[in-house]
Amino acid sequence: MKEKDLKNLFETDLRYLYNTEIQISKILPKILKNTDSDKVGQFVEENIKENKKHVDRVKKSFDILGTKLGGKKSLGITGLIDECTEIMEKMKKSDEVVYDVSLLASLQRINHYQIGAYETLSNYSKIFNSTKINELLNKTLVEEKDLIRKLKKVINGLTKIKP
Ligand SMILES: [Fe+2]
């Protein structure tokens, strides 16, 4: 395997990742608009702030690589976001808590998808020794995992069965 080939693969995946974070930046405000719960709202607002940092770090990674910034449409995240949009519409008439849980469950799947993408790119960057890019990717990876931990807490808080 040549370093150049791995870098090409990395660059392609980075373009998918950039598009992933951009698509997420568009769905998050829609999720926020669809919840009446303060706790869910706070969580989604935090996710919006984190997402902005993630987009910036991906941009920085392009800079470090010396490659022109650009996205490549990620069909993986498009599918998850379409599903999330469908759930937002179809579950609207459900019980309020069930509706909020369904929104959070969609977000959980979206965050797991990102964790997979960041883990892969972090591994590639280690192989071709880009410490700076590796640090940027790992920072986001830690934040994505932290978001899932917080998301689970919110779900657990919501689903306490009332007698
Ligand atoms: Fe992200």
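In this predicted model, the largest nonpolar core has 17 residues, of which Leu-103 and Leu-107 touch the most other members; a nonpolar core here is a set of buried Ala, Val, Leu, Ile, Met, Phe, Trp, Tyr and Cys residues joined through C-beta atoms within 7 Å. Helix H1 (3-33), H2, helix H3 (75-90), helix H4 (96-127) and H5 each supply at least two residues of this core, and H4 gives the most, with five residues. Because the model is predicted, local features need pLDDT of at least 70 and side-chain atom pairs count only at pLDDT 80 or more, whereas totals for chains, interfaces and linings use all residues. Residues are numbered from 1 along each chain as its sequence is written.

**Cores and burial**

- A residue counts as buried if 20 or more other C-beta atoms lie within 10 Å of its own, as exposed if 12 or fewer do, and as partly exposed in between, with C-beta atoms placed from the backbone.
- Leu-103 touches Ile-31, Asn-34, Thr-35, Val-40 and Met-88, leaving aside residues up to four places away in sequence; contact requires that the C-beta atoms of two residues, placed from the backbone, lie within 7 Å.
- Of the 163 residues in the chain, 27% are buried.

**Overall architecture**

- The chain has five helices and zero strands, these elements being DSSP runs numbered from the N terminus (helices H or I, at least four residues; strands E, at least two).
- Taken along the principal axes, the box filled by the C-alpha atoms of the chain is roughly 60 × 25 × 25 Å.
- Among the contacts in the chain with a separation of 6 or more, 76% are accounted for by residues 24 or more positions apart.

**Helix H2 and its packing on H5**

- The 28 residues of H2 reach 41 Å from the first C-alpha to the last, close to the 40 Å expected at 1.5 Å a residue, where the expected span is 1.5 Å times one less than the number of residues.
- The axes of H2 (residues 38-65) and H5 (residues 131-158) come within 10 Å and cross at roughly 170°, the axes being lines fitted to C-alpha atoms over the stretch in contact and the angles running from 0 to 180 degrees between N-to-C directions.
- That crossing makes H2 roughly antiparallel to H5, a term for angles over 145 degrees.
- The residues of this contact divide into eight nonpolar, five polar and eight charged, with Ala, Val, Leu, Ile, Met, Phe, Trp, Tyr, Cys and Pro counted as nonpolar, Asp, Glu, Lys and Arg as charged, and the others, Gly among them, as polar.
- The buried residues of H2 include Val-40, Asn-47, His-54 and Ser-61, and what covers the buried residues of this helix includes H1, H4 and H5.
- Phe-43, which lies in H2, is buried because 24 other C-beta atoms are within 10 Å, and Phe-43 touches Lys-150, Leu-151 and Val-154, not counting residues up to four places away in sequence.
- Gly-66, with a positive phi near 75°, follows H2.

- Asn-129, whose phi is positive, near 65°, follows H4.
- Asp-36 is placed in the loop between H1 and H2 and counts as exposed, because it has 9 C-beta neighbours inside 10 Å.

Notes
Angles under 35 degrees count as roughly parallel, over 145 as roughly antiparallel, 65 to 115 as roughly perpendicular and the rest as oblique.
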